Amino acid sequence: MKDSFISYVNLSKQWKEERKDLLKLLDQTLAEGHYVGGDKVVNLEKNIAKYLNVKYVISLNSGTDALTLALHCLGLKKNDEVITPPNSFIASTAVIAHLGLKPKFVDVLDDQNIDPNQIEKNITKKTKAIMPVHLTGRICRMKEILKIAKKYNLKVIEDSAQAFGSKLFNRYAGTFGHVGCFSTHPLKNFNSVGDGGFMVTNKKSIYDRARKLRNHGTKDRNVIDEFGYVSRLDTIQAVVLDYRLKRVNGLIKKRRKNASLYRKYLTKKIFIPHERKDEFNTYHTFVVQTSKRDQLKKYLIKKGIETAIHYPIPIHLQPSAKKIGHKVGDFIKTEEQSKRILTLPIHQYLKESDIFKISQIINNFFEKYE
Ligand SMILES: Cc1ncc(COP(=O)(O)O)c(C=O)c1O
């Protein structure tokens with residue numbers, strides 16, 4: 001790989017930076033011989049709760065399981081409908097389907113997040129919950145969503161997998177609804193070195209139930225209250241996360257700086273959703289939109305710049321979603337965006353000169369082909 005190549009993520013660099021500290025912590029943990037649960041997991045949960053200003057945190061082995069347990073704990077029943085956008089990572093809808101619930105898709109706004117103005121007309125007698133997804137680190141229109149939820153007595157599960165640390169009106173993503181669900185997958189800003197996740201809530205009953213469910217449903221060692229799951233966060237992941245929690249604000253600051261540099265250097269010919277007043281975006285991804293997406297992506301890779309597409313096929317058009325019964329044209333905005341969106345590198349190891357270089361190449365592309 002050429003030195004000048006700009007990768008979309010750089011996890012090796014993160015490891016290089018943290019290696020000395022982490023190896024020491026991991027060595028200590030492995031020597032102690034406590035690999036599942038224990039004080040270190042409890043400690044992490046307490047620290048996340050403090051960071052997010054929320055009462056309870058239940059660490060889990062993935063963001064997908066956080067969503068599953070959230071739906072489970074909120075007591076949703078077979079065939080209940082859950083309103084959610086069709087342009088998310090597949091897991092948001094998969095968990096709804098797995099529990100025998102019905103995903104009810106609502107299209108999105110220009111910024112890729114669920115359109116609150118289209119929620120109300122999709123509510124039926126069977127609607128029991130709304131699952132907004134804070135895609136790309138951008139928090140949804142929570143004020144409007146909570147108002148609708150209150151009016152129709154709906155549960156709100158925030159898929160905050162991509163939005164750890166994001167805020168709206170100075171309140172953290174995941175803490176607006178009944179439950180917030182997070183992923184600590186290696187590609188997330190607050191990341192483990194393997195799968196991981198957690199859910200947050202202010203309700204003790206949800207906390208108690210989720211804690212049981214993540215551990216086979218065990219009340220104590222011998223009594224199983226209800227059939228559960230194996231969804232605990234490994235102790236070594238908890239140790240890594242606790243270490244990284246102290247550094248995450250620095251990383252967010254870098255990403256926000258990179259986003260502002262893109263805004264400064266990129267041509268106006270490419271669409272960048274703006275950051276709303278009162279919003280604090282942590283830029284899990286930096287997604288721009290252009291009708292020349294495929295051509296631009298090829299051009300960039302030729303120039304040594306790696307990009308990604310999140311996501312090229314909307315969920316309602318995935319083969320796995322066939323049974324839900326949608327067709328092309330059902331969610332216009334989502335479908336249009338799937339052809340226009342391009343995720344640019346924004347990781348914390350990029351320098352201003354990298355962002356400048358990427359922007360210049362993109363600007364040259366538009367001068368050449370427009
Ligand atoms: C929006 C969204 N929801 C859910 C998930 C699932 O999280 P995990 O991969 O930790 O299971 C992800 C992770 O990629 C995600 O981006």
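Me: Why is the radius of gyration of the protein chain said to agree with that of a compact globule?

Reply: The radius is taken over C-alpha atoms, and the globule rule is 2.2 Å times the number of residues to the power 0.38. For 370 residues a compact globule would have a radius near 21 Å, and the protein chain has 21 Å, so the two agree. Along its principal axes, the C-alpha trace spans about 70 × 55 × 35 Å. The model is a predicted one, in which local features need pLDDT of at least 70 and side-chain atom pairs count only at pLDDT 80 or more, while totals for chains, interfaces and linings use all residues. Residues are numbered from 1 along each chain as its sequence is written.

Me: How is the protein chain divided into domains?

Reply: Domain 1 covers 11-245 and domain 2 covers 248-369; such bounds come from an automatic or database domain assignment. The C-alpha centres of domain 1 and domain 2 lie 24 Å apart.

Me: How many residues of domain 1 are in contact with domain 2?

Reply: Two residues are in contact if their C-beta atoms, placed from the backbone, lie within 7 Å. By that criterion, 31 residues of domain 1 touch 28 residues of domain 2. On the domain 1 side, two or more residues each come from β3 (102-105), β6 (167-168) and α7 (235-245); helices (H or I, at least four residues) and strands (E, at least two) are DSSP runs, numbered from the N terminus. That side divides into 13 nonpolar, 10 polar and 8 charged residues. Here Ala, Val, Leu, Ile, Met, Phe, Trp, Tyr, Cys and Pro count as nonpolar, Asp, Glu, Lys and Arg as charged, and the others, Gly among them, as polar.

Me: Which residues that surround the ligand are the closest?

Reply: A residue is near a molecule if its C-beta atom, placed from the backbone, lies within 6 Å of it. Of the 15 residues that surround the ligand, the closest are Ser 62, Gly 63, Thr 64, Ala 161 and Ser 183. Helices α3 (63-73) and α4 (91-98) each give two or more residues to this shell. By class, the shell has 4 nonpolar, 9 polar and 2 charged residues.

Me: Why is strand β9 described as largely enclosed by the rest of the structure?

Reply: A residue is buried if 20 or more other C-beta atoms lie within 10 Å of its own, exposed if 12 or fewer, and partly exposed in between, with C-beta atoms placed from the backbone. In β9 (residues 197-201), 5 of the 5 residues are buried, so the strand is largely enclosed. Gly 197, Met 199 and Thr 201 point one way, and Phe 198 and Val 200 point the other way.

Me: Which strand is joined to β9 by 5 bridges?

Reply: Strands pair if DSSP finds at least two bridges between them. Strand β1 (residues 56-60) has 5 bridges to β9 and runs antiparallel to it; Ile 58 is the bridge partner of Met 199. Strand β8 (residues 179-183) also pairs with β9, in the antiparallel sense over 4 bridges, and there Ser 183 partners Gly 197.

Me: What covers the buried residues of α6?

Reply: The cover includes β1, α3, β8 and β9. The buried residues of helix α6 (residues 204-213) are Ile 206, Tyr 207, Arg 209, Ala 210, Lys 212 and Leu 213.

Me: Is Gly 194 buried, exposed or partly exposed, and why?

Reply: Gly 194 has 15 other C-beta atoms within 10 Å, and is therefore partly exposed. Gly 194 lies in the loop between β8 and β9.
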